[in-house]
Amino acid sequence: AEVAARPIKKVAEAKARKKLRAAKAADRLRGRAESVVEEEGVGERAKLQALQRLYAKNPVKRPSGVKVVTAKGKGPAKAAKRTKLVDRRMKKDTKSTLRAGTRNFKGGKRPEGLVRRRPGKRK
């Protein structure tokens, strides 16, 4: 038997508690934000700054998008939910396209969407 194994019911209860806590916190935050917006005699800019401060202190936790997983070894790779399976070649290709964006293109047609860097003195 595994040491970290817990009954499914207990895990489900813990997740439900966590979800409830997050929902209550979001409600409280929403209430504070509404009170800031409804304040009289305060400029729009000041309200916006107050809201930004409020949300900076209490960040709303959302599940992150896609997690990138690299395939290691020779066997078939498996990916869990919200994951994207990539290989080394794909990662190297994306890095090289980013590097190409900083390069200086002299003559010829430069790839679209890449920013041209001003030529400076060489050391």
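Q: What makes the crossing of α1 and α2 left-handed or right-handed?
A: In this predicted model, local features need pLDDT of at least 70, side-chain atom pairs count only at pLDDT 80 or more, and totals for chains, interfaces and linings use all residues. Residues are numbered from 1 along each chain as its sequence is written, and side-chain values use heavy atoms, without hydrogens and water. A crossing is right-handed if the near helix is turned clockwise from the far one by less than a right angle, left-handed if anticlockwise; α1 passes α2 in a right-handed crossing.

Q: Why are α1 and α2 called roughly antiparallel?
A: The axes of α1 (residues 8-37) and α2 (residues 44-57) cross at roughly 165° and come within 9 Å. Angles over 145 degrees count as roughly antiparallel, so α1 and α2 are roughly antiparallel to each other.

Q: Which residues of α1 and α2 meet?
A: Contact means heavy atoms within 4.5 Å. Leu29, Arg32, Ala33, Val36 and Val37 of α1 meet Lys47, Ala50, Leu51, Leu54 and Tyr55 of α2. Eight of the residues in this contact are nonpolar, two are charged and none is polar.

Q: What makes the pair of Arg30 and Asp27 a salt bridge?
A: A salt bridge needs a side-chain nitrogen of Lys or Arg within 4 Å of a carboxyl oxygen of Asp or Glu. The N to O distance between Arg30 and Asp27 is 2.7 Å.

Terms used. Axes fitted to C-alpha atoms, helices over the stretch in contact; angles between N-to-C directions. Helix = DSSP H or I, 4+ residues; strand = E, 2+ residues; numbered from the N terminus. Parallel < 35°, antiparallel > 145°, perpendicular 65-115°, else oblique. Nonpolar A, V, L, I, M, F, W, Y, C, P; charged D, E, K, R; others polar.
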